[in-house]
Amino acid sequence: MRKGNNSGNYRNPCLTMHQPWASLLVYGIKHVEGRSWPSPITGRLWIHAASKVPDESTIKAMEYFYKEIYAINGVTDIKFPEHYPVSRLLGCVEVVGCLKREELAGWDMVPEGVRLEAQTDYCWLCEQPQKLLIPFEMRGYQGVYNLERKIHDAAVRGLSPVKGPLPVKFPLPDPRDMFSLKPGCIATLTPNVKAAEVDKSSSISAAIAGARAAATQFSKKDQNSPSTSWNNTHEETENARSYNLRSRTRSMPKNNASPSELTDKFNNGALRLSQEEDSSFDKSEGSSSDNQSSVADLQPPTKGSLEYREKSNRDRYEGRSKDNQSTGIESDSRHFPRPPSKVSLSVN
């Protein structure tokens, strides 16, 4: 990892982006992150996907765009992400420099397809993409911000390098200066630099137009970025959770267990549950029968018996205490006096 040269106080810089741009960058398909402002950092940049669920038309437009520009360099086998999770930390890239649009578009030391990614005022040049094996759910913020320490420490352990369809190494204008890729550096080396003419077929022109239209829907809301979202309403959060759940369901391995194995597991579980229910039912039956027998043994006392006299004395004391109600310990002693220790056995 290249040690960063940050103009701000960034320890673990992170950038929130809209989907599908966020995943395309982490998967190494996208090499340039376009902004209307120059990159404040070089080095590792964490990528977070915003909460807005991408439209299918937007995904198709961007995938078509990259298919066309890669075809210029003879690359046709592109493995796009199976799903585009939202409200998640996806991974990181290495920002090696930043150029103005006209500089990158006319820089003949990079592939033609990469030059066609120069569609915004400033182009952040990204290398060495890495994705998280398990994306972290978290909230994003505007601009470049510091990733929380606990999230960063956990995320570092879950990174996996990604090999894109056409890995690009941006050459340094000054090999002795690791941070020489700055706005204006290419223009200084070649003052007459102009946008190189790429043979644009009708399909490429249509792909570029579609990509610009897809990005315009976000640039209207935020002039700083065509691919950054700051909407975190309750409705979008619920939609994001539902979208991520559907995406994970579609991307789960389908052959984890055969139908017969699943049936056996189900039957064993149902049998075990049935046995547990029968056992608990037998226990309750036994306890119920014991209670019934003990209740049957309790017969009401007959007049003149010892139990009858004890009950009569108890009722007489309790009735007397109701006439003299008071509070505190003294009241309790009057309400519930002890029954006499001895009861006469004679019958009048």
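Colleague: Which residue in S5 does Val32 stand opposite?

Modeller: Val32 stands opposite Leu125 in S5. Please note that this is a predicted model, in which local features need pLDDT of at least 70 and side-chain atom pairs count only at pLDDT 80 or more, while totals for chains, interfaces and linings use all residues. Residues are numbered from 1 along each chain as its sequence is written, and side-chain values use heavy atoms, with hydrogens and water left out.

Colleague: How many bridges join S2 to S5, and how do the strands run?

Modeller: Four bridges join S2 to strand S5 (residues 122-137), and the strands run antiparallel. Two strands pair if DSSP finds at least two bridges between them. Strands here are DSSP runs of E with at least two residues, and helices are runs of H or I with at least four, numbered from the N terminus.

Colleague: Which residues of S2 lie on each side?

Modeller: Val32 and Gly34 lie on one side of S2 (residues 32-35), with Glu33 and Arg35 on the other. These residues are all buried, and both faces are covered. Buried means under 20% relative accessible area, exposed over 50%, and partly exposed in between, with a 1.4 Å probe and protein chains only. In a regular strand, side chains alternate between the two faces of the sheet.

Colleague: Turning to aromatics, how many pairs does a search of the whole structure find?

Modeller: The search finds three aromatic pairs. Rings of Phe, Tyr and Trp (its six-membered ring) pair if their centres lie within 6.5 Å; planes under 30 degrees apart count as stacked, over 60 as edge-to-face and the rest as tilted. One of the pairs is Trp37 with Trp124, whose centres are 5.1 Å apart and whose planes are at 80°, so the pair is edge-to-face.

Colleague: Which parts does that pair tie together?

Modeller: Trp37 lies in the loop between S2 and strand S3 (43-49) and Trp124 in strand S5, so the pair ties together parts that are 87 residues apart in sequence. Both Trp37 and Trp124 are buried.

Colleague: And Glu63, is that residue buried or exposed?

Modeller: Glu63, in helix H2 (residues 56-72), is buried yet has no salt bridge. A salt bridge is a side-chain nitrogen of Lys or Arg within 4 Å of a carboxyl oxygen of Asp or Glu. The nearest side chain of opposite charge, Lys67, is 5.4 Å away; Lys and Arg count as positive and Asp and Glu as negative, with His and the chain ends not counted.
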